Amino acid sequence: MELGGFKMFNIVSSWNKRRRSRSLDQLNPWVYKPAELWQAKENHPPPPKKRSGTMVFTLKEMEAATNMFSDRNLVGKGGFGRVYRGVLKDGQIVAIKKMDLPTSKQADGEREFRVEIDILSRLDHPNLVTLIGYCADGKHRFVVYEFMPRGNLQDILNGIGEVRMDWPLRLRIALGAARALAYLHSSTAVGVPVVHRDFKSSNILLTQHYEAKISDFGLAKLLQQDQDLHTTTRVLGTFGYFDPEYALTGKLTLQSDVYAFGVVLLELLTGRRAIDLSQGPQEQNLIVGIHQVVGDRKKLRRVVDRDMPKASYTVESVSMFAALAARCVCFDSAGRPAMQDCVKELQFIMYANMKI
């Protein structure tokens, strides 16, 4: 009887500890937790050993690196907050993303921060931005990346800067982004496939030599083992890149990323934005009419970006590229290619363009 009472005491004691722990977490959702506790509460297989080298910074170090967040060091703004160019104590130049959200959105920002650190710290691919470290000092949140001197793809396509990208360079950027998504979808990185969920041209960063690297993993989702979709009532991402099926049904799949990739291919081909409200009603959405252009070389020539040197591309390679983009943005997800197939096709298109 005494033994049974002792066991019951241990059970009640353990339950009370868990209850107190949950209560404290609910009272103060900003309590710092180590990265190992940031995993989604789903039955994922044990993750591989986390890559070493992720640094933890203090607020003072972030202030020193950015000269107190000087506007002279501001390099961009996004839904999460502002991005600054910074210099660490060892002289390394980095990009520092500072969470700067209204109170009503801070809980979402905290979740995105934790997801991004957790996922990026376990990924390693030449076409993914490298995580240097993070800062979780009090309520302050920062993510520290390698610095990408050429900025993002969307800005370059929209004429910010004096760079005129020829067709081979655009193909190389598309191929690099495709390889990154194929890596995420392969499940080899974290044991299960990863859906980026916010893939777009502004999240494709470029190195000094215009190598593409995907960034911003705050909305990324790990698909459960042996499942190829996740259903949600809350659709997240960026308008213009939404998978129609995901937007209508809440079903998130790997093909949701493929759709967004197809939109980026069209941006590379035309130089236009995914959504441009300055255009006429029939031309505001980039994907409208793409299927009418595919197969018609005269129409296709009219939509090719005029800033792209004509001598840099063959009509054959542009036609193949447009056909791939059209399949990626197919309304029915079953009609879209897998990212690994996109990689192979882009390699073939690059070869076709060498016939100039």
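Author: Helix packing around α10

In this predicted model, the axes of α10 and helix α11 (residues 339-353) come within 8 Å and cross at roughly 165°. An angle over 145 degrees counts as roughly antiparallel, and α10 and α11 are therefore roughly antiparallel to each other. The crossing of α10 with α11 is left-handed. On the α10 side the contact is made by Glu-316, Ser-317, Met-320, Phe-321, Leu-324, Arg-327 and Cys-328. On the α11 side it is made by Cys-342, Glu-345, Leu-346, Phe-348, Ile-349, Ala-352 and Asn-353. Sorted by class, the contact of α10 with α11 has nine nonpolar, two polar and three charged residues.

Helix α10 (residues 315-328) also packs with helix α7 (residues 254-270): the two axes come within 7 Å and cross at roughly 150°. This angle again lies over 145 degrees, so α7 and α10 are roughly antiparallel to each other. Their crossing is left-handed. From α7, the residues in contact are Val-258, Tyr-259, Phe-261, Gly-262, Leu-265, Leu-266, Leu-268 and Leu-269. Their counterparts in α10 are Val-318, Phe-321, Ala-322, Leu-324, Ala-325 and Cys-328. The contact of α7 with α10 comprises 13 nonpolar residues, one polar residue and no charged ones.

Some α10 residues take part in both contacts. Phe-321, Leu-324 and Cys-328 of α10 meet α7, and Phe-321, Leu-324 and Cys-328 are also listed in the contact with α11.

Helix α7 has a further partner. The axes of helix α5 (residues 167-185) and α7 come within 11 Å, with a crossing angle of roughly 175°. The helices α5 and α7 are therefore roughly antiparallel to each other. From α5, the contact uses Trp-167, Arg-170, Ala-174, Ala-177, Ala-178, Leu-181 and His-185. From α7, it uses Leu-254, Asp-257, Phe-261, Leu-265, Leu-268 and Leu-269. By class, the contact of α5 with α7 divides into 10 nonpolar residues, one polar and two charged. Among the α7 residues named here, Phe-261, Leu-265, Leu-268 and Leu-269 contact α5, and Phe-261, Leu-265, Leu-268 and Leu-269 also meet α10.

Val-304 lies in the loop between α9 (297-303) and α10. With a relative accessibility of 6%, under the 20% cut-off, Val-304 counts as buried. Beyond residues up to four places away in sequence, Val-304 touches Leu-269, Thr-270, Tyr-313 and Val-318. Of these, Leu-269 of α7 and Val-318 of α10 are also part of the contact between α7 and α10. Val-304 and Leu-266 are 38 residues apart in sequence, and their C-alpha atoms are 9.3 Å apart in space.

Next come residues from other parts of the chain. Asn-127 is placed in the loop between α3 (106-120) and β5 (131-137). At 8% relative accessibility, Asn-127 counts as buried. Leaving out residues up to four places away in sequence, Asn-127 touches Gly-176, Arg-179, Ala-180, Ala-212, Lys-213 and Ile-214.

Lys-97 sits in strand β4 (residues 93-99) and is buried, with a relative accessible area of 7%. Apart from residues up to four places away in sequence, Lys-97 touches Phe-80, Arg-82, Val-83, Glu-116, Arg-141, Phe-142, Val-143, Tyr-145 and Asp-216. Val-143 is 46 residues from Lys-97 along the chain, and the C-alpha atoms of this pair are separated by 5.1 Å.

The loop between α2 and β2 deserves a check of its backbone angles. Most residues other than glycine have a negative phi. Asn-67, in the loop between α2 (59-65) and β2 (74-77), has a phi near 55°, a positive value. Phe-69 is found in the loop between α2 and β2 too, and its phi is also positive, at about 55°.

Buried residues make up 46% of the 356 residues. The accessible surface comes to about 18,900 Å², and 53% of that belongs to carbon and sulfur atoms. Among contacts between residues at least 6 apart in sequence, 66% join residues at least 24 apart.

Terms used. Residues are numbered from 1 along each chain as its sequence is written. This is a predicted model: local features need pLDDT of at least 70, side-chain atom pairs count only at pLDDT 80 or more; totals for chains, interfaces and linings use all residues. Side-chain values use heavy atoms; hydrogens and water are left out. Axes are lines fitted to C-alpha atoms, for helices over the stretch in contact, and angles run from 0 to 180 degrees between N-to-C directions. Helices (H or I, at least four residues) and strands (E, at least two) are DSSP runs, numbered from the N terminus. Angles under 35 degrees count as roughly parallel, over 145 as roughly antiparallel, 65 to 115 as roughly perpendicular and the rest as oblique. A crossing is left-handed if the near helix is turned anticlockwise from the far one by less than a right angle, and right-handed if clockwise. Contact means heavy atoms within 4.5 Å. Ala, Val, Leu, Ile, Met, Phe, Trp, Tyr, Cys and Pro count as nonpolar, Asp, Glu, Lys and Arg as charged, and the others, Gly among them, as polar. Buried means under 20% relative accessible area, exposed over 50%, partly exposed in between (1.4 Å probe, protein chains only). Accessible areas come from the Shrake-Rupley method with a 1.4 Å probe; for residues, only the protein chains shown count as cover.
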